[in-house]
Amino acid sequence: MSLKALLLTSLAIMAFAANSVFCRLALQDKSMSAASFTGVRLLSGALVLWLLVAWRAQSLKREPKKSFKSYSFSAFWLFLYAITFSVAYVRLDTATGALLLFGVVQLTLVGIALVQRQPLHRLEWLGIIVAFGGLVYLMLPGIARPPLLSAITMGLAGFAWGVYTFLGKSSQAPLSDTHQNFLYALPWILVVLIVDGEWRLGSSEAITFAVLSGGLASGVGYSIWYHALAYLSASQAASFQLLVPVIAAIGGMVVVGDSVTLRLFIASFIILLGISVVILGRKRLTVK
């Protein structure tokens, strides 16, 4: 791997982990509602992406554009991920949320492969069973179990992000497509705010963290990730994403003050081991 690829990938992975930390920081004092955080995040992300698109205006003119239907469909899954991500983090700690999110993302992508009748190596089946077992262990009744409803909500966020990731694989203009997806996602959050009625923007600190999550960790972070994907194989891209829960856990302990329980540590090991086996199985099947 080249130094450029390593740098881009490292920055993108840190941005993914930063999203979890920024969300926890913005919502921990409960002055900002989850819906308001999502709205500020999507809006700031759209603005930053607009600036990036304007900066690359000449080269983007030659890139193909998708239809309104394609943009609106992708935008719905982006919105669903963003709102459930925020709602779940009201009661989840940073590490647990990131682990559930990216664990379900990987299982969703494997599930899509099954629906498309793509062949699975026996190691992939083994990895799926192990990873699912880790999620089950994390959710077993006990004092250290995360809130069930919040965990299910984060699982839904992982499913939505997995679908959104799958839809983005065919993008030939990732920067402009991502910008359009953010724009088309904004009306959805406006509907939620009107129905919910919670327009609590919270403190200036909460707003700052929401802007950083949207503009920096999401807008810039997603753009960097799309550039990094050009240098990575599918197995490498999946492998590097396994670092996100680890980095998020460290960030949660250092910045937010979260603690890591023994149950979370064991579940993390089982889930990451299972997903690693899935990636290894996919790589072997590709080689064949």
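**Close-up 1. Helix α1 crosses helix α11 in this predicted model.** The crossing is right-handed. Helix α11 covers residues 243-256. The two axes come within 8 Å and cross at roughly 40 degrees. Angles under 35 degrees would count as roughly parallel, so α1 and α11 are oblique to each other.

**Close-up 2. Residues where α1 meets α11.** From α1 come I13, F16, A17, S20, V21, R24 and L25. From α11 come L243, V244, I247, A248, G251, G252, V255 and V256. By class, this contact has eleven nonpolar, three polar and one charged residues.

**Close-up 3. Helix α1 packs with helix α5.** Helix α1 spans residues 3-27, and helix α5 spans residues 94-115. Their axes lie 10 Å apart, at an angle of about 135 degrees. Angles over 145 degrees would count as roughly antiparallel, so α1 and α5 are oblique to each other. Their crossing is right-handed.

**Close-up 4. Residues where α1 meets α5.** On the α1 side are F16, S20, V21 and R24. On the α5 side are T94, A98 and F102. The contact divides into four nonpolar, two polar and one charged residues. F16, S20, V21 and R24 of α1 also take part in the contact with α11.

**Close-up 5. G155 in helix α7.** This helix runs over residues 148-168. G155 has 18% relative accessibility, so G155 counts as buried. The cut-off for buried is under 20%. T108 is 47 residues away from G155 along the chain. The C-alpha atoms of G155 and T108 are 10.0 Å apart.

Methods: Residues are numbered from 1 along each chain as its sequence is written. This is a predicted model: local features need pLDDT of at least 70, side-chain atom pairs count only at pLDDT 80 or more; totals for chains, interfaces and linings use all residues. Side-chain values use heavy atoms; hydrogens and water are left out. Axes are lines fitted to C-alpha atoms, for helices over the stretch in contact, and angles run from 0 to 180 degrees between N-to-C directions. Helices (H or I, at least four residues) and strands (E, at least two) are DSSP runs, numbered from the N terminus. Angles under 35 degrees count as roughly parallel, over 145 as roughly antiparallel, 65 to 115 as roughly perpendicular and the rest as oblique. A crossing is left-handed if the near helix is turned anticlockwise from the far one by less than a right angle, and right-handed if clockwise. Contact means heavy atoms within 4.5 Å. Ala, Val, Leu, Ile, Met, Phe, Trp, Tyr, Cys and Pro count as nonpolar, Asp, Glu, Lys and Arg as charged, and the others, Gly among them, as polar. Buried means under 20% relative accessible area, exposed over 50%, partly exposed in between (1.4 Å probe, protein chains only).
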